[in-house]
Amino acid sequence: MTPETLQQLEDRLLEEIADTEERVVELEKIVEPIAPDKAIGRLSRLDAMQDKSVTEASLNQAKEKLSRLESALQRIYDPEFGVCVTCHEDIPIDRLLLMPHATQCVACASS
């Protein structure tokens, strides 16, 4: 990979990390516990608990993505960065720009 391409990928990773960190903060605010003394009604409380469960799942996914992005940023100047861990072929730059934390090419990721 050229130095320009690596810089482009690093910029993309930093942008994606910042966006994901914002998302994590937003979701953490939403997931705060529902106080039992809060007068919202029984059915509304059940709805709120279900919504909280869905939001917690989204929060976990965002945290996992953030971890993968940070790991990719640490490996970006490693000679193996951008090489599929399964078939050892180069991952297309378009895929890396779309998913900078990708460790597999499309063919290997879909099999």
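**Exercise 1. Spacing within helix α1**

In which helix do Arg-12 and Glu-16 both lie, and how many residues apart are they? Determine also whether the two side chains form a salt bridge in this predicted model.

*Solution.* 
Step 1. Both Arg-12 and Glu-16 belong to helix α1, at a separation of four residues, about one turn of the helix.
Step 2. The closest N and O atoms of Arg-12 and Glu-16 are 2.7 Å apart. Because the cut-off for a salt bridge is 4 Å between such atoms, the pair qualifies as a salt bridge.

**Exercise 2. Extending the network**

*Solution.* 
Step 1. Arg-12 also meets Glu-15 in a salt bridge, with an N to O distance of 3.7 Å. These two residues lie three residues apart in helix α1, again about one turn of the helix.
Step 2. Glu-16 has a further salt bridge, to Lys-65, with the closest N and O atoms 2.5 Å apart. This pair links distant parts of the chain: Lys-65 is in helix α2 (residues 42-75) and Glu-16 in helix α1, 49 residues apart.

**Exercise 3. The negative surface patch**

Which residues form the negative surface patch, and which element gives the largest share of this patch?

*Solution.* 
Step 1. The patch consists of Asp-19, Glu-21, Glu-22, Glu-26 and Glu-70.
Step 2. Helix α1 (residues 3-30) supplies the largest share, four residues. Glu-22 is found in this helix, α1.
Step 3. A patch residue needs over 30% relative accessible area.

**Exercise 4. Overall fold and nonpolar core**

State how many helices and strands the protein chain has, and then describe the largest nonpolar core.

*Solution.* 
Step 1. The chain contains four helices and zero strands, and along the sequence its pattern is α-α-α-α.
Step 2. Of the 111 residues in the protein chain, 28% are buried.
Step 3. The largest nonpolar core comprises 15 residues, and those with the most contacts inside it are Leu-9, Leu-13, Ile-76, Phe-81, Cys-84 and Leu-96.
Step 4. The elements giving two or more residues to this core are α1 and α2. The largest share, four residues, comes from α1.
Step 5. In general terms, nonpolar side chains tend to be buried together in soluble globular proteins.

**Exercise 5. A cysteine in a loop**

Where is Cys-87 placed, and what separates its C-alpha atom from that of Cys-108?

*Solution.* 
Step 1. Cys-87 is placed in the loop between α2 and α3 (93-98).
Step 2. Its relative accessibility is 32%, so Cys-87 counts as partly exposed.
Step 3. Cys-87 and Cys-108 are 21 residues apart along the chain, and their C-alpha atoms are separated by 7.2 Å.

Methods
Residues numbered from 1 in each chain as written. Predicted model: local features only at pLDDT ≥ 70, side-chain atom pairs only at ≥ 80, totals over all residues. Heavy atoms only, no water. Patch = residues over 30% accessible without salt bridge, like charges linked within 9 Å, V, L, I, M, F, W, Y side chains within 5 Å. Areas by Shrake-Rupley, 256 points an atom, 1.4 Å probe, with all protein chains shown as cover. Lys, Arg positive; Asp, Glu negative; His and termini not counted. Charge placed at Lys NZ, Arg CZ, Asp CG, Glu CD. Core = buried A, V, L, I, M, F, W, Y, C linked by side-chain atoms within 4.5 Å. Buried < 20%, exposed > 50% of the residue type's maximum accessible area, 1.4 Å probe, protein only.
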